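Subject: Structure handover

Hello,

The structure is placed below for your files. My notes on it follow.

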Amino acid sequence: MTEMKKVLLGWAGALLMCSSLAIAHDFTLGKLKIDHPWSRATAPGAKVAGAFLQIRNGGDADELLRAESDVAARVELHEMKMADGVMQMKAVKGVALPAGAEVKLAPGGYHVMLIDLKRPLKEGETFPMTLVFAKSGTVRVDVQIEAMGAKEGHAGH
């Protein structure tokens with residue numbers, strides 16, 4: 001193998017590793033691990049979007065109290081569930097994080113609702129969001145914007 005091929009293969013490997021790191025991102029706050037925060041791209045003029053993530057609690061019981069982001073005028077925690085055969089969505093005061101549990105904020109369940117978006121969310125971009133917990137404090141995460149029809153984030157959580 002020529003020296004040039006070795007260099008090119010080395011660079012290709014490094015780029016592949018960097019792109020994998022950019023796709024699968026997680027954040028830690030004490031005993032909490034927040035896996036791959038993501039959202040869907042929005043159409044121009046859309047006023048709402050959801051943000052999703054998974055939280056692994058390796059410590060004592062805690063609670064996600066709220067989320068904050070400058071990408072929207074208002075940010076709320078919501079829950080979607082079936083009631084009498086009808087899908088309903090409502091704001092909640094918090095999301096319980098039992099000790100040792102994994103809690104998903106995912107389409108069709110608990111999620112972060114971004115209300116009155118200040119700009120469209122574009123695939124491939126990110127935006128900052130702060131999560132506030134009852135016991136663990138706060139952590140800033142970067143939310144990856146996926147394709148409009150994405151069912152779950154690239155990390156596959």
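**Contacts and overall make-up**

Among contacts in the chain between residues at least 6 apart in sequence, 66% join residues at least 24 apart; contact here means heavy atoms within 4.5 Å. This is a predicted model, in which local features need pLDDT of at least 70 and side-chain atom pairs count only at pLDDT 80 or more, while totals for chains, interfaces and linings use all residues. Residues are numbered from 1 along each chain as its sequence is written, and side-chain values use heavy atoms, with hydrogens and water left out.

The chain has one helix and 11 strands, in the order α-β-β-β-β-β-β-β-β-β-β-β from the N terminus. Helices (H or I, at least four residues) and strands (E, at least two) are DSSP runs, numbered from the N terminus. Of the 157 residues in the chain, 38% are buried. Buried means under 20% relative accessible area, exposed means over 50%, and partly exposed is in between (1.4 Å probe, protein chains only). The accessible surface of the chain is about 9,000 Å², and carbon and sulfur atoms account for 58% of that. Areas were computed by the Shrake-Rupley method with a 1.4 Å probe; for residues, only the protein chains shown count as cover.

**Strand pairing**

Two strands are taken to pair if DSSP finds at least two bridges between them. Strand 10 (residues 126-133) pairs with strand 4 (residues 62-68) over four bridges, in the antiparallel sense. In that pairing Arg-66 stands opposite Val-132 of strand 10. Strand 10 is also joined to strand 11 by eight bridges, again antiparallel, and these two strands form a hairpin with three residues between them. Thr-130 stands opposite Arg-140 in strand 11.

Strand 11 also pairs with strand 2, in the parallel sense and over three bridges. There, Arg-40 stands opposite Glu-146 in strand 11.

Thr-138 belongs to strand 11 (residues 137-146). Leaving aside residues up to four places away in sequence, Thr-138 touches Leu-29, Thr-130, Leu-131 and Val-132.

**Core**

In soluble globular proteins, nonpolar side chains tend to be buried together. The largest nonpolar core in this model has 32 residues, of which Ile-34, Ile-55, Val-112, Leu-114, Met-129, Leu-131 and Phe-133 touch the most other members. A nonpolar core is a set of buried Ala, Val, Leu, Ile, Met, Phe, Trp, Tyr and Cys residues joined through side-chain atoms within 4.5 Å. Met-129 touches Ala-51, Leu-53, Ala-67, Glu-68, Ser-69, Val-112, Val-139, Arg-140, Val-141 and Val-143, not counting residues up to four places away in sequence.

A search of the whole structure finds one aromatic pair. It is formed by Trp-38 and Phe-52 and is tilted, at 4.8 Å centre to centre and 45° between the planes. Trp-38 lies in strand 2 and Phe-52 in strand 3 (residues 48-57), so the pair ties together parts that are 14 residues apart in sequence. The criterion is that rings of Phe, Tyr and Trp (its six-membered ring) have centres within 6.5 Å; planes under 30 degrees apart count as stacked, over 60 as edge-to-face and the rest as tilted. Both Trp-38 and Phe-52 are buried.

Asp-35 lies in strand 2 (residues 32-40) and counts as buried because its relative accessibility is 1%. The side chains of Asp-35 and Arg-56 are joined by a polar contact of 2.7 Å. A polar contact is a pair of N or O atoms within 3.5 Å; within protein, one must be able to donate a hydrogen and the other to accept it, and residues adjacent in sequence count only if both atoms are side-chain atoms.

Asp-84 lies in the loop between strand 5 (72-83) and strand 6 (86-91). Its relative accessibility is 83%, so Asp-84 counts as exposed. Phi of Asp-84 is near 55°, a positive value in a residue other than glycine.

Asp-116, in strand 9 (residues 110-117), also has a positive phi, near 60°. Asp-116 is partly exposed, with a relative accessible area of 37%.

Regards
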